[in-house]
Amino acid sequence: MKLKFFALLLTFTLPLTAYGGDDTAADSPDTTAGETTEAPTDDTATDPPDTGDGATATDTTDPEDSASETAEGDWYTYESGNYTARFPGEPIEDSQSVPVEGAGDIEQTLVLYEDTGARRAYIIASNVMPEGVKFDIETSLENMKNTTQTNLNATVESEESIENNGLPARSILMSTEEGTRFQFLLVADTENAAFYQLAVGAQDGNVDFPEAQRFFDSFELLQS
């Protein structure tokens, strides 16, 4: 089954029911870990997501597994109004305005690059809450994870509470029954009431390759 199918399942999986908490966009982020794990004390904005195999995407891997359609110097820099990131090639973009009770219309955007040669996908999904909407940080991150897991019918192999760009985040590894694996990075931008879901998917199940780490490391929020 093609990765594009799985990527489309991720198109609009960001939390549309994560409202009603005590935190707002202006609240200070609470980076306390959820029930599943304790947040490590030495994570930074550039810490790599854990692939669940005792290694990170910066570790060495078989050269055959790291084959890609483009050379490392040919990566495409994508910039939205809120963030910038680099992809192995020019991605496609899809946006949709979704009405949410109590929150008005929320614009959700998917940016996707599919490496058909290596059977890998690089994905960023995002949404920005309307001004004044209240949300709970941990509930929102949990909803992002649960919705994605349900849409993919996937199993969570590992999960870790971390920080990215100085913000509360989660690194999650999921796998499907077909053997495809996804490494996720979920980020809650509390100051601007925005949520970001980065993912690298590999149909062969290997998400531990240098291009994946470069993709995650390239994600940078722009100053508002």
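This is a predicted model: local features need pLDDT of at least 70, side-chain atom pairs count only at pLDDT 80 or more; totals for chains, interfaces and linings use all residues.
**Ground rules.** I number residues from 1 along each chain as its sequence is written, and for side-chain values I use heavy atoms, leaving out hydrogens and water.

I took helices (H or I, at least four residues) and strands (E, at least two) as DSSP runs, numbered from the N terminus. Nine of the twelve residues of β4 are buried, so the strand is largely enclosed by the rest of the structure. I then found that β4 and strand β5, residues 120-128, pair in the antiparallel sense over eight bridges, where pairing requires that DSSP finds at least two bridges between two strands. Within this pair, Thr109 has Ser126 of β5 as its bridge partner. The two strands form a hairpin with four residues between them, and in the turn Arg119 has a positive phi of about 55 degrees.

**Entry 2, strands β1 and β2.** I noted that β1 (residues 76-79) and β2 (residues 83-87) pair in the antiparallel sense over four bridges, and that a hairpin joins them through three residues. Here the bridge partner of Thr77 is Arg86 in β2.

I located Ala202 in strand β9, residues 194-202, and read its relative accessible area as 0%, which makes Ala202 buried. Ala202 and Arg120 are 82 residues apart in sequence, yet 4.5 Å apart in space, C-alpha to C-alpha.

I checked the span of α2, residues 137-152: its 16 residues reach 23 Å from first C-alpha to last, close to the expected 22 Å, the expected span being 1.5 Å times one less than the number of residues. Among its buried residues I listed Ile137, Leu141, Met144, Thr148 and Leu152. At the N-terminal end, Asp136 caps α2 with a side-chain oxygen 3.4 Å from the backbone nitrogen of Glu138, and just after the helix Asn153 takes a positive phi of about 50 degrees.

I placed Gln213 in helix α3, residues 210-218, where Gln213 is buried with a relative accessible area of 3%.

Notes. Buried means under 20% relative accessible area, exposed over 50%, partly exposed in between (1.4 Å probe, protein chains only). A polar contact is a pair of N or O atoms within 3.5 Å; within protein, one must be able to donate a hydrogen and the other to accept it, and residues adjacent in sequence count only if both atoms are side-chain atoms.
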